[in-house]
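I opened my notebook to look through one protein chain. My plan was to take one topic at a time.

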Amino acid sequence: MKNGIKGLTLIFAAVMTVLSLWLLGACGTDGMENVSERRSGYYSADGVGGAVAAASGVREAPYTIDGAAAALKPYTLITFTPVKFDADAVYTYRTTTSAGSYGGTLVAHPFAASFSAEFDSETTDGEFSISITTGGKTEEYVLKSLITEDMFGYDKAIDAAKKELDPPEPYEIRVRVIKNPLGDGLCWHVSYYSADGAVCGVLLDPVTAKIIAKKTV
């Protein structure tokens, strides 16, 4: 009887050892390994005075291309595109998300007919409001997330891109949800930057993972 109990004890110990190793391995898997930017939030709203878009996530600071990922900080980038662009116009904004309240002056883009500002917080709400003020007039916008339940996440985007590109190591990864430049809706843009300056990347359909466009090394 004692031998039977001893045998069961040894089996139990072996099973627990295997389970512990599996759990440690699972916990050690970091989906953000080598990631220097992860942008997985995208919002938009239209109004009388123009359109507002917001992109949100985390990225390294300082934001440099050197083939290695540094410590990450949260951010939300606000972009306002007025119906009539005037580079000398002054726009300010105020917004409140579940992370806090933010505001400031929007800066004119040097090339695009838009103004932008950024605050140090990642926005994950389904929607949030922002007020844009110019010339003493304020317009309220309700930005709604364009991310839908059928879209896959950044980790699957990285896996799909890596299989397609087989990038040379070492590298840093920038994975961003963006407006599809070749069609409607959003897409995942995954880029690999090597220390020697080599760059490769793909645009992925966020539902099917189909390759929309590809740039190889």
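Is Cys 187 buried or exposed? I found that Cys 187 is buried, with a relative accessible area of 0%. Cys 200 is buried as well, at 2%. Here buried means under 20% relative accessible area, exposed means over 50%, and partly exposed lies in between (1.4 Å probe, protein chains only).

Before going on, I noted the ground rules. This is a predicted model, where local features need pLDDT of at least 70, side-chain atom pairs count only at pLDDT 80 or more, and totals for chains, interfaces and linings use all residues. Residues are numbered from 1 along each chain as its sequence is written, and side-chain values use heavy atoms, with hydrogens and water left out.

I searched the whole structure and found zero. A disulfide is a pair of cysteine sulfur atoms within 2.5 Å.

**Overall make-up.** I looked up the secondary structure and found two helices and 13 strands. Helices (H or I, at least four residues) and strands (E, at least two) are DSSP runs, numbered from the N terminus. Of the 217 residues of the chain, 35% count as buried. Next I checked contacts, meaning heavy atoms within 4.5 Å. Among contacts with a separation of 6 or more, 57% come from residues 24 or more positions apart.

**Cores.** Which residues have the most contacts inside the largest nonpolar core? I listed Ala 157, Ile 173, Val 175, Trp 188, Val 190 and Tyr 192, in a core of 22 residues. At least two residues of this core come from each of β1 (35–46), β2, α2, β10, β11 (186–194) and β12. A nonpolar core is a set of buried Ala, Val, Leu, Ile, Met, Phe, Trp, Tyr and Cys residues joined through side-chain atoms within 4.5 Å. I then followed Ala 157. Leaving out residues up to four places away in sequence, Ala 157 touches Phe 152, Val 175, Trp 188, Val 190 and Leu 204. A second, separate core has 18 residues, including Tyr 102, Ala 117, Phe 128 and Ile 132.

Most residues other than glycine have a negative phi, and most peptide bonds are trans. I looked for exceptions. The bond joining Ala 61 and Pro 62 is cis, with omega about 5°. Pro 62 sits in the loop between β2 (50–60) and β3 (72–82). The bond from Glu 169 to Pro 170 is also cis, with omega near -5°. Pro 170 lies in the loop between α2 (154–165) and β10 (171–179).

Asp 166 is in the loop between α2 and β10 too. Its phi is positive, near 50°. Asp 166 is exposed, with a relative accessible area of 64%. Ala 209 also has a positive phi, about 70°. I placed Ala 209 in the loop between β12 (199–204) and β13 (211–215).

What is the volume of the second largest pocket? I noted about 210 Å³. Of its 13 lining residues, the closest to the centre are Gly 49, Phe 80, Tyr 91, Thr 134 and Glu 139. The largest share of the lining, four residues, comes from β9. On a 1 Å grid over the protein atoms alone, a pocket is an open set of points where a 1.4 Å probe fits, with protein on both sides within 12 Å along at least five of seven lines; lining residues have an atom within 4 Å of a point. Grid points are joined across faces, edges and corners, and the volume is the space filled by probe spheres set on the points.
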